Structures are given as structure tokens and as C-alpha cells.
Amino acid sequence: MPPKFARMPDSYGARDVERQALLDGDSDEDDFFLNGPRVNTNKLADPKIGRLKGQVDEVVDVMRDNVTKVIDRGDRLEDLQDKSDSLASNSDMFRSRAKALHKTMWWKNCRMKLIMALVILVILSIIIIPIIVSQVNKNKGG
């Protein structure tokens with residue numbers, strides 16, 4: 001059974017050369033997507049085509065500016081993302097340190113209250129014990 005499609009030797013050779021030129025990348029032509037298509041302006045005698053080419057050039061310039069702005073915006077967004085990540089980690093560190101400081105200050109406050117209570121008890125005992133002893137001695141003697 002013969003194949004359904006047969007390749008023509010002449011067209012295959014031309015495609016092979018073109019394919020090889022594209023794969024090699026040794027073309028002297030500028031990049032189409034960066035510089036746009038090459039148009040021979042010497043053959044353009046019609047002013048409408050000239051105006052159209054001018055408009056196309058303006059649109060290409062605007063699009064290049066837009067692409068540049070988008071790239072710059074992407075860079076700024078990446079910087080902002082880095083800063084927000086740093087801020088998030090710093091806020092977590094601040095929160096943990098604030099909790100530790102709060103706990104430390106709470107214990108210092110408790111110790112201060114205990115010391116104050118002991119001082120008041122000692123002062124009251126110094127004042128009250130002699131009064132009680134003198135009253136007991138008065139009641140026994142009298």
C-alpha cells in the first residue's frame with residue numbers, strides 16, 4: 001500500500017535549508033519581534049502607506065514603552081514582595097519578644113507586690129506585737 005502523502009524532493013530540500021537556518025540562528029537579520037518587519041521604504045511611493053507606517057511606528061513605540069513600564073512594575077512588585085516578607089518576619093519576631101518582655105515584667109510586678117506585702121506585715125508586726133504584749137502584761141498584773 002503506497003503512503004498517503006508523498007514529499008516532493010524539491011520542496012523538502014528548501015524546507016530543510018530554511019529549517020537549518022532557523023535552528024542555527026546565524027542569521028544577520030535583526031529580530032523580527034524587537035525591530036518589526038523590514039519594509040523597503042524606497043518602493044513606497046503612496047503617502048497613505050507612509051502615514052500608515054508612521055502610525056505603526058508610533059504604536060510600536062507606545063507598546064515598547066508599555067512593555068518597559070510593565071517590566072519596571074514587575075521589578076517594583078518583586079521589591080515590594082521582598083519588603084513585605086521582611087516586614088512579616090520582623091513583626092513575628094517583635095510579637096515573640098513583646099510576649100517575653102510582658103511575661104518578664106509581670107513577674108517583676110508580682111515580686112514587687114510580694115516584697116511590699118512582706119514589708120507591710122513586718123511593720124505591722126513591729127507595731128502590733130509590742131502593743132499586744134503590753135496589754136497581756138497589764139491584764140496579768142492588774
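**Exercise 1. The nonpolar surface patch**

Task: State which residues form the nonpolar patch on the surface and what accessible area they have together.

Solution. The patch consists of Ile115, Val119, Ile120, Val122, Ile123, Leu124, Ile126, Ile127, Ile128, Ile131, Ile132 and Val136. Together these residues have about 1,100 Å² of accessible area. The structure is a predicted model.

**Exercise 2. One member of the patch**

Task: Place Ile123 in the secondary structure and classify its accessibility.

Solution. Step 1: Ile123 belongs to helix H3, which covers residues 47–141. Step 2: the relative accessibility of Ile123 is 46%. Step 3: partly exposed residues lie between the buried limit, under 20%, and the exposed limit, over 50%. Ile123 therefore counts as partly exposed. Step 4: a patch residue needs over 30% relative accessible area, and Ile123 is one of the residues in the nonpolar patch.

**Exercise 3. Counting salt bridges**

Task: How many salt bridges does a search of the whole structure find?

Solution. The search finds 3. The background is that side chains of opposite charge can pair when their charged atoms come close. The criterion is a side-chain nitrogen of Lys or Arg within 4 Å of a carboxyl oxygen of Asp or Glu. The next exercises apply it.

**Exercise 4. Asp57 and Lys53**

Task: Give the distance for the salt bridge between Asp57 and Lys53, their spacing in the helix, and the accessibility of each residue.

Solution. Step 1: the closest N and O atoms of Asp57 and Lys53 are 3.2 Å apart. Step 2: both residues are in helix H3, with a spacing of 4 residues, about one turn of the helix. Step 3: Asp57 has 34% relative accessibility and so counts as partly exposed. Lys53, at 29%, also counts as partly exposed.

**Exercise 5. Asp61 and Arg64**

Solution. Step 2: Asp61 and Arg64 are 3 residues apart in helix H3, so about one helical turn separates them. Step 3: Asp61 is partly exposed, with a relative accessible area of 41%. Arg64 is partly exposed at 39%.

**Exercise 6. Arg95 and Asp92**

Task: What is the N to O distance in the salt bridge of Arg95 and Asp92, and why are these residues separated by about one helical turn?

Solution. Step 1: the side chains of Arg95 and Asp92 meet at 3.0 Å, N to O. Step 2: the separation is about one helical turn because Arg95 and Asp92 are 3 residues apart in helix H3. Step 3: Arg95 is partly exposed at 46% relative accessibility, and Asp92 is partly exposed with a relative accessible area of 43%.

Technical notes. Residues numbered from 1 in each chain as written. Predicted model: local features only at pLDDT ≥ 70, side-chain atom pairs only at ≥ 80, totals over all residues. Heavy atoms only, no water. Patch = residues over 30% accessible without salt bridge, like charges linked within 9 Å, V, L, I, M, F, W, Y side chains within 5 Å. Areas by Shrake-Rupley, 256 points an atom, 1.4 Å probe, with all protein chains shown as cover. Helix = DSSP H or I, 4+ residues; strand = E, 2+ residues; numbered from the N terminus. Buried < 20%, exposed > 50% of the residue type's maximum accessible area, 1.4 Å probe, protein only.
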